[in-house]
Amino acid sequence: PLSCTHKPSSKTKQKQTSKRQTQETQGEMGDEFVLGVNYWPRKKAMYWWSQFDEEEVDEEFRQMKEMGLKLVRIFLLWSDFQPSSPSSVDETVLSHLGTVLDIAQRHSLFLDITFFTGHMSGPNWAPPWMILENEPLRDDCNGVRRLVVGKEPEIKRCGHRNIYTDPLCLESEEVLLRAVVSRFGR
């Protein structure tokens, strides 16, 4: 997560010295103000995982680095990572994520990965298994008026599972987290 702090004054620094000596090192970003960007490729946008283009991502990450950016927030579009089943993750798309991690490392960029991306640029994006075709769009959907569903996007106006309370959604969230962390975590 992005954490922006100012440089403390010398008096504040003196008071905090002993406290800081007992804390672990904060890493390369430390106390500096970090400039970053939300990222969708300019040509593919929300379709970048299903239409992955390594060269496009590499070129755009190179440009970000040249502009002085250090942090790139990427979004795992849920309908691409778990398109057909809440109990599995698409291996091809997962390997694309690995390529993005490699590209970021090559350009010395930090990534902030947003899991379960469903709301983006107006509509909500949902995997087909989350849709409840025979139920109306609920009034308690926080303004959701349309859903984009599946790899071949189709707009739906029907009910859908609640990502915060539905047991199937909660289980699928754990599946995706475990798949990413077990494959790429340290």
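I take buried as under 20% relative accessible area, exposed as over 50%, and partly exposed as in between, with a 1.4 Å probe and protein chains only.

I am working on a predicted model, where local features need pLDDT of at least 70, side-chain atom pairs count only at pLDDT 80 or more, and totals for chains, interfaces and linings use all residues. Residues are numbered from 1 along each chain as its sequence is written, and side-chain values use heavy atoms, with hydrogens and water left out.

**Positive phi.** I looked up Ala-45 first. Its phi is positive, about 50°, although Ala-45 is not a glycine. Ala-45 sits in the loop between strand E1 (36-38) and H2. Helices (H or I, at least four residues) and strands (E, at least two) are DSSP runs, numbered from the N terminus. Ala-45 counts as partly exposed because its relative accessibility is 27%.

I then went to Ser-108. Its phi is positive too, near 55°, and Ser-108 is not glycine. I find Ser-108 in the loop between H4 and strand E3 (110-117). With a relative accessible area of 46%, Ser-108 is therefore partly exposed.

**Phe-61.** I listed its contacts (heavy atoms within 4.5 Å). Leaving out residues up to four places away in sequence, Phe-61 touches Tyr-39, Val-72, Val-100, Ile-103, Ala-104, His-107, Leu-109 and Leu-111.
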